[in-house]
Amino acid sequence: MESSGEVIEHKAYARVGLLGNPSDVYYGNTISFSLGNFWASVRLEPSPDLLISPHPTHDLVQFNSLTNLVNRLQSEGYYGGVRLLMAICKVFHNYCKDNNISLHERNFKLSYDTNIPRQTGLSGSSAIVCAALSCLLDFYNVRHLIKVEVRPNLILNAEKELGIVAGLQDRVAQVYGGVVYMDFGKKHMDELGHGIYTPMDIDLLPPLHLIYAENPSDSGKVHSTVRQRWLDGDEFIISSLEEVAKLAVRGQKALLEKDYVTFAELMNRNFDLRRQMFGDECLGALNIEMVEVARRVGAASKFTGSGGAVVAFCPDGPSQVKQLEEDCQKAGFIIQPIKIMPSFLNDTDLQILQSK
């Protein structure tokens, strides 16, 4: 946190689902980490009135023409950050009210900025919400009263207010930072309302690369039927998702032992299972090509989330990385080394975790 007088500013980073996704919404297991390459920042400053400040680029309400407005909506959608900030304010207020956490009456102005590329499956929306929640915790001095494990639920609930369908793993990675192994077993979820989250040493991960398209127009437009098939008891979907979850369990062991051969196999298997369940039309040709460009040089690769960006691992080292960089450039993809952020839980957060 950066603080100047009473001004509070927090960052929340993009995230990469490393193994086990999308089993987090099916009582599974995942490993995710906080991606230091991109972030959202939220600034809170005292104000006579409560003000949510629109972003000059992401919350446009002034256009050159009707055509300009329509083109903007077709490329960017209706998604700005103002609605996200308003939603977390509501969810935070209601949570505190329901749990008898008293809040002072002072007002504030919220503003935000982000450099997380749109439509890349890097959790740009939840990063804005996560950073805003951190600001609210400090402004109202209630960080010690709201459990760390509960905060991802508050972020997810804010997004649910807006009709965003997602799981907890992204928000856990953004709240905790670093690398986190997550167990979303039904018993924990039913009894606690959240999973069991185990931070891991970031130095266990080998060098990884991020691949994404600058203009992800083909991000898979077909609606997935996987959730409904799971609810209907489809044996193929249920067994596939159980295997996906086990990849994270095996991945934790492989990383702890620095068995990167197995780790690479698990990454590839994760994507292959996703592809079998969702189908190529749903995943989108551009997204599949990002995976394939890495595989053609012998790298392991999979989606970082539901599509839009890929995490790749080159087990053969620098020469393989160079080849991958060249092939990505030819294919028109952006590639960059991944920077993993260490855990940024502060002393208060750690004391809450240790006091259980």
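Buried, for this talk, means under 20% relative accessible area. Keep that cut-off in mind. One caution before the details: this is a predicted model.

Let me start with helix α9, residues 260-278. Which residues of α9 are buried? The list is Thr262, Phe263, Ala264, Leu266, Met267, Asn270, Phe271, Leu273, Arg274, Met277 and Phe278. Note that Asn270 and Arg274 are on that list. Now the geometry. α9 has 19 residues, and at 1.5 Å a residue it should span 27 Å. Its end C-alpha atoms are 27 Å apart, which agrees. After α9 comes glycine 279. The phi of glycine 279 is positive, near 85°.

Strands of a sheet pair through backbone hydrogen bonds, either parallel or antiparallel. We have both senses here: β3 with β5 is antiparallel, and β4 with β5 is parallel.

Take β2, residues 7-19. Eleven of its 13 residues are buried, so β2 is largely enclosed by the rest of the structure. β2 runs antiparallel to β3, and eleven bridges join them. Look at histidine 10: its bridge partner in β3 is valine 42.

Stay on valine 42. What is its bridge partner in β5? Tyrosine 112. The β3 strand covers residues 29-46, and its antiparallel pairing with β5 has seven bridges.

β5 itself is residues 108-114. Five of its seven residues are buried, so β5 too is largely enclosed by the rest of the structure. Strand β4, residues 51-52, pairs with β5 over two bridges, in the parallel sense. There, leucine 51 stands opposite lysine 109 of β5.

Now the open sheet. In what order do its four strands lie? The order is β9-β10-β8-β11, with antiparallel pairing. At the edges are β9, 300-303, and β11, 333-337, each pairing on one side only. Neighbouring strands are turned by 25° against each other on average, direction ignored.

Inside that sheet, β8, residues 209-213, pairs with β10, residues 309-313. That is four bridges, antiparallel. Histidine 209 stands opposite alanine 312 in β10.

Two helices go with this sheet. Helix α11, residues 285-295, packs on the sheet and touches β8, β9, β10 and β11. Its direction makes about 165° with that of β9. Helix α12, residues 318-331, lies across β8, β10 and β11. α12 runs at about 155° to β11.

That's my tour. Questions, please.

Methods. Residues numbered from 1 in each chain as written. Predicted model: local features only at pLDDT ≥ 70, side-chain atom pairs only at ≥ 80, totals over all residues. Heavy atoms only, no water. Buried < 20%, exposed > 50% of the residue type's maximum accessible area, 1.4 Å probe, protein only. Pairing = 2+ DSSP bridges. Expected span 1.5 Å × (residues − 1). Axes fitted to C-alpha atoms, helices over the stretch in contact; angles between N-to-C directions. Contact = heavy atoms within 4.5 Å.
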